[in-house]
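Here is a short report on selected local features of one structure.

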Amino acid sequence: MTLTFRKEIGEALGNPSLAGALGRFYEAYPTSRAKAYQGIDFEAVRARIAEAKGDAAGRLPELVARFTKEAGARGAKVVVLKSPEEVRRYVVDLARERGVKRIVKSKSMASEEVHLNKALTDAGVDVKETDLGEWIIQLAGQRPSHMVMPAIHLTKEDVADIFSKEVGERLSTDIPRLVKVAKKELRPAFLEADMGITGANIAVAETGTLVLVTNEGNARLVTTLPRIHVALVGLEKLVGAFADVVPILTALPRSATGQLMTSYVSMITGAAPNTDGTPKELHIVLMDHRRSEMAADPVFKEALQCIRCASCLNVCPVYRHVGGHVFGDVYTGGIGTILTAWTGAMERSKEIQGLCIQCGNCVGVCPGKIDIPELIVEVRRRQVQDKGQPFVQKAIFKVVNNRRLFHSVLRSASLAQKPFEKDGFVRHLPFFLSGLADFRSLPAIAERPFRDTFEAIPQKKGKRKAAFYAGCLIDFAYPGMGEDVVKVLNAGGVEVTFPEAQTCCGAPARYSGAYEVAAQNAIDNLEALAAEDVDWVVSACPTCTTALKHEFARALRSTGKTEWIAKAEALAAKVIDFSSLVTKLVGDGSLRIDTKKLPPVTYHDSCHLKRTLHVSEEPRALLRKAGHDVVEMKESDTCCGMGGSYSLKFPEISKPILQKKLASIRETKAGTAVMDCPGCVMQIRGGFDKAEGPVEVQHIARLLARALEEEPPADPEA
C-alpha cells in the first residue's frame with residue numbers, strides 16, 4: 001500500500017463532516033429501504049433482474065444488433081465504440097461538425113468513466129452538469145463519491161461556500177434558498193445549449209428504447225430542448241425485452257434511496273421533433289470499454305447484473321467511514337472495485353480492493369444478486385497470479401502451509417510475549433507494531449494450546465460423535481472456549497474427537513488471493529478430518545465453518561486439484577456450526593439447558609454466521625432457553641471491524657468500526673455481549689479492555705456451559 005493511499009484514508013477518517021454525512025445516511029437507509037419494500041417480495045424481484053441481466057450479458061452481440069436495428073428504424077443513429085478514446089473522439093468531432101458551443105448534461109456516469117467533460121472543455125466547448133449533485137461536484141472540481149448521490153460527502157455549509165463563489169454573493173446555508181440559486185443559474189443553460197448529453201438506466205433491445213430514472217427532471221430538459229441529444233450507454237444497460245424494465249424500475253429507487261418511485265421516469269424511443277418542428281439528432285453511443293470481455297468471463301460476467309443502485313455502498317461499513325473518494329475511482333464501493341479493475345485502472349484497483357472487509361453485507365441487498373465480496377477475492381486472486389504475492393505475505397503463508405512449523409512458531413510466540421502479557425492480554429507492543437494494540441488489547445497466546453489440553457477433558461462415550469475443528473484462535477488463544485464446546489456437546493450425548501493434524505482453514509490465504517496456499521490448507525485438513533468416523537464436523541468459528549463447508553471445494557477447483565473435490569464435498573455435508581448443532585440437540589431432547597432466570601445479554605451477529613451460513617435466530621433462542629433475556633443492540637449484524645487480518649492491515653479503519661459496535665453494546669445496558677465467533681470475541685473483548693469498559697464479552701459456548709452449571713428447574717412431572 002502506498003503512503004499516498006494511507007494518507008487518503010487518514011484524511012477521510014479525520015473529516016468530521018464526512019463522518020456525519022455518511023453516518024446519518026447509513027443509519028437511516030435500512031429503515032427507509034425496508035419501508036419501501038413492504039408488500040414486495042424482494043427475492044422474487046431480484047431473481048427476475050438477475051435472470052434478465054444475466055441473459056443479456058450472455059448474448060450481448062445479439063442484443064446490440066437488435067437495439068441498433070430498432071433504434072435506427074426510429075430515427076436514431078447508433079454507434080458501438082470500444083474504447084474511451086473512441087467515445088471522446090466521436091462526441092468531440094460531432095460537436096465540432098455541428099458548431100456546438102454549449103452542452104448540458106444529465107445522468108451520465110459513463111461520461112465520468114471516459115473523462116468526457118475534460119475532452120470537450122479542451123476542445124473549447126462549455127459543458128455544464130445540470131443535476132444538482134453533479135453540478136456541485138463540477139463546481140468543486142471533484143469527482144462523485146457515490147453513484148447515486150455524488151455529493152453525499154458535502155455538508156450544506158460546503159455547498160453554500162461553493163455556490164457563493166459561483167454567483168459572487170455570500171449565501172446562507174438555507175437549503176431551499178440554495179436550490180433556488182441552482183435553478184436560477186442552470187435554467188438559461190438549458191435554453192442556450194446546442195447539445196444535450198445523457199446516459200441511460202436501461203436500453204431495451206426489443207424496442208430501441210432508452211429509460212432514464214431521475215428525481216429532478218433535468219434529463220427531460222436536456223433531451224428535449226437542445227437540437228442534438230447524445231446518449232452514452234454502457235453495454236451492460238441492455239436488456240432483451242420491454243418486460244425486463246419492470247423489475248428494474250421496481251428495485252432501483254427502493255434500493256438506491258428508499259423511494260417507492262423516482263419523480264420522473266422517461267422513455268425515449270427514437271428521435272422526437274425539436275420545439276421548432278425540425279428533426280432532432282439522436283446519437284446513441286453504445287460503449288464497450290471491456291464490457292464484452294467481462295461478459296465472456298465466466299466469473300466476472302455476474303458483475304454486469306449491476307443496475308447502479310449503489311445499495312452496496314449504502315450498507316458497507318467501510319464506505320461509511322472513508323467514503324467514495326478513498327473507496328473507489330469513477331465507480332465507488334465494492335462494485336466500484338470490480339468495475340475499476342476491468343475499466344483500465346488496475347493500479348488503483350490494487351489499493352482499493354484491500355478495503356473490502358468481506359463482511360458480505362452488500363450481498364443480501366444487491367438487486368442484481370451479485371456476490372461482490374467473492375468477485376473482489378477473485379480480483380485479488382488474479383492479481384496474485386499476475387504479479388505474485390508480496391514478499392512478507394509469501395513468507396507468512398509458507399509458514400502457515402507447514403503445520404508443524406506454524407504450530408511451533410505459535411508456541412514460541414507464547415514465550416516471546418511474556419514481557420508484554422498481563423491478565424491474558426497484550427496491551428502494548430513495541431516500535432512499528434504499536435498500532436496493532438492501539439485501539440484494542442490483543443489476546444495472549446495460551447501457554448498450553450487446546451490441542452495439548454483436549455485429552456485431559458473428561459468425556460463419556462456417546463452414541464453420536466463430532467470431530468471438533470478448533471481453528472487457530474480457539475486452539476492457540478482461547479483453549480477454554482474449546483473446553484466449553486466439548487462440555488456442551490457432551491451434555492447432549494455427543495462424544496467429541498480432536499483430529500490433531502488439523503491446521504489453518506486457509507481463509508487468510510484465500511481472502512488475500514493466494515488460492516494455491518488455501519488449496520494446500522484444504523488438502524491438509526481433508527486428510528486430517530476425512531479419516532474421522534463421525535456424524536458431524538463442528539466448528540465454533542463461522543469463518544472456519546464457511547471455509548470447511550463452502551470454500552475448500554472452490555479453492556481446489558480454481559487451482560485444478562479436482563481429485564480432492566469429492567472429498568471436500570463429502571466433508572462439507574458433515575460440517576455444522578456450533579449453535580446449529582446445539583439447536584439440533586435441544587430439539588431432539590438430547591440436551592436440556594433450561595435454567596433459572598439469568599442476567600440479560602445482548603447478541604452480536606458475526607458476519608459469516610449470519611450472511612453465509614444464514615444462522616441468526618438459533619443462538620438467540622438458545623440464550624433465551626438458557627435463561628437470558630436478549631436485548632437487541634442497534635445494528636447487531638454490522639461488522640465489528642475484525643475481518644480476520646483486516647484489523648492488522650487497516651487498524652485505522654477497524655478502529656472506528658469497532659467503536660461503533662462498542663457504543664451499540666453499551667446502549668443496551670446489558671452486562672454481557674455474546675457472539676459465536678472467536679475473532680469477534682478478540683476484537684470486541686479487546687476493545688472493551690482497552691476502553692476499560694465494564695462489559696463482559698463471551699462466546700456463546702461459555703454462556704451455555706455456564707447454564708449447565710446452574711441448578712435446573714424442578715420437573716413438574718417428576
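Ala310 is buried, with a relative accessible area of 2%. The cut-off for buried is under 20%, so Ala310 qualifies. This residue lies in the loop between helix H13 (291-296) and helix H14 (311-314). Phi of Ala310 is near 70°, a positive value in a residue other than glycine. The model is predicted.

Lys107 also has a positive phi without being glycine; the value is near 55°. Its loop runs between strand E2 (102-106) and helix H6 (109-113). Is Lys107 buried, partly exposed or exposed? Lys107 is partly exposed, because its relative accessible area of 29% falls between the limits of 20% and 50%.

**Aromatic rings**

How many aromatic pairs does a search of the whole structure find? The search finds 9.

**Charges over rings**

Arginine ends sit over tyrosine rings at two places, Arg308 over Tyr331 and Arg381 over Tyr515. The table gives the distance from the charged end to the ring centre.

| Charged residue | Ring | Distance to ring centre |
|---|---|---|
| Arg308 | Tyr331 | 5.0 Å |
| Arg381 | Tyr515 | 5.3 Å |

**A helix pair**

Two packed helices are described by the angle between their axes and the distance between the axes. For helix H23 (residues 479-491) and helix H28 (residues 578-587), the angle is about 20° and the axes are 10 Å apart. H23 is therefore roughly parallel to H28. The cut-off for that term is under 35 degrees.

Which residues make the contact? H23 contributes Val485, Val488 and Leu489. H28 contributes Phe578, Leu581, Val582 and Leu585. The crossing of H23 and H28 is left-handed.

Terms used:
Residues are numbered from 1 along each chain as its sequence is written. This is a predicted model: local features need pLDDT of at least 70, side-chain atom pairs count only at pLDDT 80 or more; totals for chains, interfaces and linings use all residues. Side-chain values use heavy atoms; hydrogens and water are left out. Rings of Phe, Tyr and Trp (its six-membered ring) pair if their centres lie within 6.5 Å; planes under 30 degrees apart count as stacked, over 60 as edge-to-face and the rest as tilted. A charge sits over a ring if NZ of Lys or CZ of Arg is within 6 Å of the ring centre and within 35 degrees of the ring normal. Axes are lines fitted to C-alpha atoms, for helices over the stretch in contact, and angles run from 0 to 180 degrees between N-to-C directions. Helices (H or I, at least four residues) and strands (E, at least two) are DSSP runs, numbered from the N terminus. Angles under 35 degrees count as roughly parallel, over 145 as roughly antiparallel, 65 to 115 as roughly perpendicular and the rest as oblique. A crossing is left-handed if the near helix is turned anticlockwise from the far one by less than a right angle, and right-handed if clockwise. Contact means heavy atoms within 4.5 Å. Buried means under 20% relative accessible area, exposed over 50%, partly exposed in between (1.4 Å probe, protein chains only).
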